[in-house]
Amino acid sequence: MSQPIRNVVIVGAGFGGLSATRELANAPVSITLIDQQNHHLFQPLLYQVATAALTPAEIGVPIRQILRRQKNAKVLMDRVVGVDTQNQQVLTQDGRHVPYDALIIATGARHSYFGKDQWSEFAPGIKTLNDAFGLREKILTALENAEIIAEDDPISARRFQTFVVVGGGPTGVEMAGAIAELSHSVVRDFRCIDGSQNRILLLEGGPRVLPSFAEDLSARAQRDLADLGVEVHTDTMVTDITASSVITSHEEIMTETVVWAAGVEASAAGKWLDVPVRDNGHVVVDETLRPEGLGNVYVIGDTAHHEVDGAALPGIAPVAKQMGIFVGKRLAQLAAGGQCSKAFHYSDAGSLATIGRNRAVADIYGMKITGRAGWLLWGAAHVFFLIGFKNRIFVLLHWLWLYLTWQRGVRLIIHRKISEDAPSPKDPANPA
């Protein structure tokens, strides 16, 4: 890169984008951080917002608050719609043309329905706070509908008490466990629902859940899920999803609540840059995290496809953070007139997944930890990576309250939608 670096544009304020921004805090550059939201979101705990365990304020922090002391960084809330690599400009939805000398794209990933995008209406995933709000209301409303129907027709109510999670990776396992704990802990507040009729099913197309973990940890996770009452169906392919059912390669499951955790695809970054991508849209990058032919553009985090020993790095927070730090350091050295030929190297500390209270599996530096010890380790790791001292304290307090009382304090339905099959409450003015 021969031209001087003065203006650095970073697209995306997730783990990768923020890490790169902070690494450039003392560099002689001007940084523009663009994100379509005004907050950084701790996505690994988003499912706990969806299951009424945490509030949005505990896992989200305004970007401007995070960077208020970093004088060389400004924040632009806008949606990126393209990149003009020839004129070195980022194009936004509001019509801005933001110039750059170096560009970092850290736009993450979105849900992939493997060509069945019509399923998204009935099987939402969770990537944003709006996703989490919608899913929380869907789960809680299903239980309310079950309460209405169960008094007169407990058989018909069962489809509202059936929750299906598609995808047996960490997100699916954690979501299934959380829904199981939520659905079984709140039934005491209802009068007509038979809690024994609550069903939580986890559908996985492969032979086991948590396929990226060792087989013994995968088996332990499946046993823990069974202890929570989750029915794990492996070697099960979903063939269709409707408003009231999930059809698999083995059966039709009547349900009103489906959660999608089966696949992701990268953002449109590959199209913006017109560079090689994989089938899921991830941009192929070299050892310095740059796409082919673009010397001053870096793609990191879930948007990038970077292989180590023939396998692509997973789309997890530690990968994004380390990529952001690497690119930030590299650009700081180049902006100061130095040289940087170092290749990116990922330091893998291991993997963690929680199943529920006192249940988790972990593989940390080759040590396999399960049960309560794994659960405590999982909690400590997530609290550590949270941004903001207040957030850490509030999350700890919320978890302690939940652990001691089994009460989930964020069970609010804002936009109430009762199923057409549920009987409407009688009008007091016309009891007939």
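Mentor: Buried means under 20% relative accessible area, exposed over 50%, and partly exposed in between, with a 1.4 Å probe and protein chains only. Helices (H or I, at least four residues) and strands (E, at least two) are DSSP runs, numbered from the N terminus. This is a predicted model, in which local features need pLDDT of at least 70 and side-chain atom pairs count only at pLDDT 80 or more, while totals for chains, interfaces and linings use all residues. Residues are numbered from 1 along each chain as its sequence is written, and side-chain values use heavy atoms, with hydrogens and water left out.

Trainee: Which way do the residues of strand E9 point?

Mentor: In strand E9 (residues 102–105), Ala102 and Ile104 point one way, Leu103 and Ile105 point the other way, and all are buried.

Trainee: In what sense do E1 and E9 pair?

Mentor: Strand E1 (residues 7–11) pairs with E9 in the parallel sense, over four bridges; two strands pair if DSSP finds at least two bridges between them. Val11 has Ile105 of E9 as its bridge partner. E9 also pairs with strand E20 (residues 297–299), in the parallel sense over three bridges. There, Ile104 has Tyr298 of E20 as its bridge partner.

Trainee: And in what sense do E25 and E26 pair?

Mentor: Strand E25 (residues 359–364) and strand E26 (residues 367–370) pair in the antiparallel sense, over four bridges. Val361 has Thr370 in E26 as its bridge partner. The hairpin has two residues between the strands, and Tyr365 takes a positive phi near 50 degrees.

Trainee: Changing topic, where is His282 found?

Mentor: His282 is in the loop between helix H9 (269–273) and strand E19 (283–284).

Trainee: Is His282 buried or exposed?

Mentor: His282 counts as buried because its relative accessible area is 10%.

Trainee: What does the side chain of His282 reach?

Mentor: The side chain of His282 reaches the backbone oxygen of Asp302 at 2.9 Å. The His282 side chain also makes a polar contact with the side chain of Asn280, at 2.6 Å. A polar contact is a pair of N or O atoms within 3.5 Å; within protein, one must be able to donate a hydrogen and the other to accept it, and residues adjacent in sequence count only if both atoms are side-chain atoms.

Trainee: How many aromatic pairs does the structure hold?

Mentor: The structure holds seven aromatic pairs. Rings of Phe, Tyr and Trp (its six-membered ring) pair if their centres lie within 6.5 Å; planes under 30 degrees apart count as stacked, over 60 as edge-to-face and the rest as tilted. The rings of Phe326 and Phe344 have centres 5.6 Å apart and planes at 70 degrees, so this pair is edge-to-face. The pair links distant parts of the chain, 18 residues apart: Phe326 is in helix H10 (residues 317–335) and Phe344 in the loop between H10 and strand E24 (350–356).

Trainee: Is Phe344 buried or exposed?

Mentor: Phe344 counts as buried at 9% relative accessibility, and Phe326 counts as buried at 11%.

Trainee: Which residues do ring pairs link into a cluster?

Mentor: The cluster consists of Tyr113, Phe114, Trp119 and Trp260, linked by ring pairs.

Trainee: Finally, what does the count of disulfides come to?

Mentor: The count comes to zero disulfides, a disulfide being a pair of cysteine sulfur atoms within 2.5 Å. As for individual cysteines, Cys192 is partly exposed at 29% relative accessibility, and Cys340 is buried at 16%.
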